[in-house]
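Take a first look at the chain below.

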Amino acid sequence: MKNITFFLAIIFLALGSTVKAQTEAQKVEMCSKIAGQEATYVKDIIVDLPAAQGNEKIPSSKTTLILRKDNKYRITICTDDDSPGRGYVQLFDNETMMASTYNVSTGKEIKGFDLDCQKTGAYHFIVQFLEGKAGKAVIIISFLKKL
């Protein structure tokens, strides 16, 4: 009897993992479509961050990717419908912010931006959620064309 219970538990865990993976794949596919038909998928970043507690720093996720000179890229963010916070992504070249889907001074949010890459190198994608709320989001990096 213990063996059957253990076996059933393993099956349920495996099915649960499969369902979650399919859900993430569906989110990536939907966000890729928002990037447009002219965009070729390069990489996705899946983010799931907790809410900030008290006066602590707002949680963030940092991903570093190598982008190539003379390529045009599109960065798109899609926040989950059931996410308490709205996500935004900032792109940094070393310490310089090159672009963001959120403008702090105006409060304006956009779904994404295009980047004309001027030099090959490491670029940092920082993802956070407004007001330090918890949130889930998918970021899609797409190739558009050679410059």
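The paragraphs below go from the overall layout to single residues.

Bear in mind that this is a predicted model. The protein chain has one helix and eight strands. Along the sequence, their pattern reads α-β-β-β-β-β-β-β-β. The chain has 147 residues, and 38% of them are buried. It exposes about 9,500 Å². Carbon and sulfur atoms supply 55% of that area. Now consider contacts between residues at least 6 apart in sequence. Of these, 79% join residues at least 24 apart.

The structure holds one disulfide. It joins Cys-31 to Cys-78, with 2.2 Å from S to S. Which parts of the chain does this pair tie together? Cys-31 lies in helix α1, residues 2–35, and Cys-78 lies in strand β3, residues 71–79, so the link ties together parts that are 47 residues apart in sequence. The link is right-handed, with 90 degrees about the S-S bond. Are these two cysteines buried or exposed? Cys-31 is buried, with a relative accessible area of 0%. Cys-78 is buried as well, at 11%. Another cysteine, Cys-117, is also buried, at 1%.

Next, look inside. In soluble globular proteins, nonpolar side chains tend to be buried together. In this model, the largest nonpolar core has 21 residues. Among those with the most contacts inside it are Val-47, Leu-67, Ile-75 and Phe-125. Strands β1, β2, β3, β4, β6, β7 and β8 each supply at least two residues of this core. Which strand gives the most? That is β7, with four residues. There is also a second, separate core of five residues. It includes Val-28, Cys-31, Cys-78 and Val-138.

Pick out Val-47 from the 21-residue core. Leaving out residues up to four places away in sequence, Val-47 touches Ser-61, Val-127, Phe-129, Gly-135, Lys-136, Ala-137 and Ile-139.

Now find Leu-115 in strand β6. Its relative accessible area is 8%, so Leu-115 is buried. Beyond its neighbours within four places in sequence, Leu-115 is in contact with several residues, including Leu-67, Tyr-73, Leu-91 and Met-98. Ile-75 is another of its contacts. Leu-115 and Ile-75 are 40 residues apart along the chain, yet 7.8 Å separates their C-alpha atoms.

Strand β2 covers residues 61–67 and has two faces. Which residues lie on the covered one? They are Ser-61, Thr-63, Leu-65 and Leu-67. Lys-62, Thr-64 and Ile-66 make up the uncovered face. β2 and β7 run antiparallel, and seven bridges join them. In one of these, Thr-64 has His-124 of β7 as its partner.

Stay with β7, residues 121–129, to finish. Gln-128 sits in this strand. Gln-128 counts as buried because its relative accessibility is 14%, and the cut-off for buried is under 20%. What does its side chain meet? A polar contact of 2.6 Å joins it to the side chain of Tyr-88.

Notes:
Residues are numbered from 1 along each chain as its sequence is written. This is a predicted model: local features need pLDDT of at least 70, side-chain atom pairs count only at pLDDT 80 or more; totals for chains, interfaces and linings use all residues. Side-chain values use heavy atoms; hydrogens and water are left out. A disulfide is a pair of cysteine sulfur atoms within 2.5 Å. Buried means under 20% relative accessible area, exposed over 50%, partly exposed in between (1.4 Å probe, protein chains only). A polar contact is a pair of N or O atoms within 3.5 Å; within protein, one must be able to donate a hydrogen and the other to accept it, and residues adjacent in sequence count only if both atoms are side-chain atoms. Two strands pair if DSSP finds at least two bridges between them. A nonpolar core is a set of buried Ala, Val, Leu, Ile, Met, Phe, Trp, Tyr and Cys residues joined through side-chain atoms within 4.5 Å. Contact means heavy atoms within 4.5 Å. Accessible areas come from the Shrake-Rupley method with a 1.4 Å probe; for residues, only the protein chains shown count as cover.
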